[in-house]
Amino acid sequence: MNIAVFCSGSGTNLQAIIDAEKRGHIKAVIKIVVSDVPDCYALIRAKKAGIKILLVEKGNFKSKDEFDRYILDNLKNEKIDLIVLAGYMRLLTGAFINEYKNKILNIHPALLPSFKGTHGIRDAFSYGVKVTGPTVHFVTEDMDAGPIVLQAPIMVREDDTESTLGEAIHAEEHKVYPRAIQLFIEGRLKIEGRKVKII
Ligand code: GRF
């Protein structure tokens, strides 16, 4: 199975996925890393691991459709079976999502459906929740709303700051995302409406 990982930032999840592949915990090939941010650290990680890079800069395309079409053409060339969003900060078009229906995973740093959006960690922390943690879900057209694959609850400690909580959440992300990806690879995720059955 061939995987594409999409990133816009530091790429710590990408690194966890690369490491999991190396250890044989993910039985697939990361064929390509797609990014919309030329100087993001995720691209350096991809280069170090010898993975092909596709840089897509918004300004070089006339429309969002053209942008997505270009990515899709590249994914087809690489025979990509699964797309893994790992801190990719752009929304995919409906047409794009349809082409890879039920084959796109995302990780969100809060327990969905709470605290959707860009600041899941900060929003949960400021709200005063006692439990939070990452959610891996399938991507649908509604942002952060697709069927949930796995969640990793963690307790908020009395002395946590937004930053220490963020570290704890990221550490969990690096375990739960490779696990969810491997479940997909093994064909063990069965979507039934809103629910994902692990078979
Ligand atoms: C993660 O917190 C993930 O939940 C969110 O974006 C962040 C990406 O971090 N979608 P990194 O680039 O993998 O370090």
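Guide: Contact means heavy atoms within 4.5 Å. Helices (H or I, at least four residues) and strands (E, at least two) are DSSP runs, numbered from the N terminus. Axes are lines fitted to C-alpha atoms, for helices over the stretch in contact, and angles run from 0 to 180 degrees between N-to-C directions. The model is predicted: local features need pLDDT of at least 70, side-chain atom pairs count only at pLDDT 80 or more, and totals for chains, interfaces and linings use all residues. Residues are numbered from 1 along each chain as its sequence is written, and side-chain values use heavy atoms, with hydrogens and water left out.

Visitor: Which strands does helix 2 lie across?

Guide: Helix 2 (residues 41-48) lies across strand 1, strand 2 and strand 3, and runs at about 155 degrees to strand 3. Helix 1 (residues 12-23) lies across strand 1 (2-7), strand 2 (29-35), strand 4 (82-85) and strand 5 (104-108), at about 170 degrees to strand 2.

Visitor: What is the order of the strands in the open sheet?

Guide: The 7 strands of this open sheet follow the order 3-2-1-4-5-7-8, with mixed pairing. Strand 3 (52-55) and strand 8 (148-151) each have a single partner strand, so one side of each lacks a neighbour in the sheet and they stand at the edges. Two strands pair if DSSP finds at least two bridges between them; strand 7 (residues 135-138) and strand 8 have 3 bridges, in the antiparallel sense. Val136 stands opposite Leu150 in strand 8.

Visitor: Why is the pair of Phe115 and Tyr127 called edge-to-face?

Guide: Rings of Phe, Tyr and Trp (its six-membered ring) pair if their centres lie within 6.5 Å; planes under 30 degrees apart count as stacked, over 60 as edge-to-face and the rest as tilted. Here the centres are 5.5 Å apart and the planes stand at 65 degrees, so the pair is edge-to-face. Phe115 lies in the loop between strand 5 and helix 5 (120-127) and Tyr127 in helix 5, so the pair ties together parts 12 residues apart in sequence.

Visitor: What makes the pair of Phe61 and Tyr70 tilted?

Guide: The planes of Phe61 and Tyr70 are 50 degrees apart, with 5.3 Å centre to centre, and the pair is tilted.

Visitor: Why does Phe61 count as buried?

Guide: Buried means under 20% relative accessible area, exposed over 50%, partly exposed in between (1.4 Å probe, protein chains only). Phe61 has 17% relative accessibility and therefore counts as buried. Tyr70, at 36%, counts as partly exposed, and Tyr127, at 65%, as exposed.
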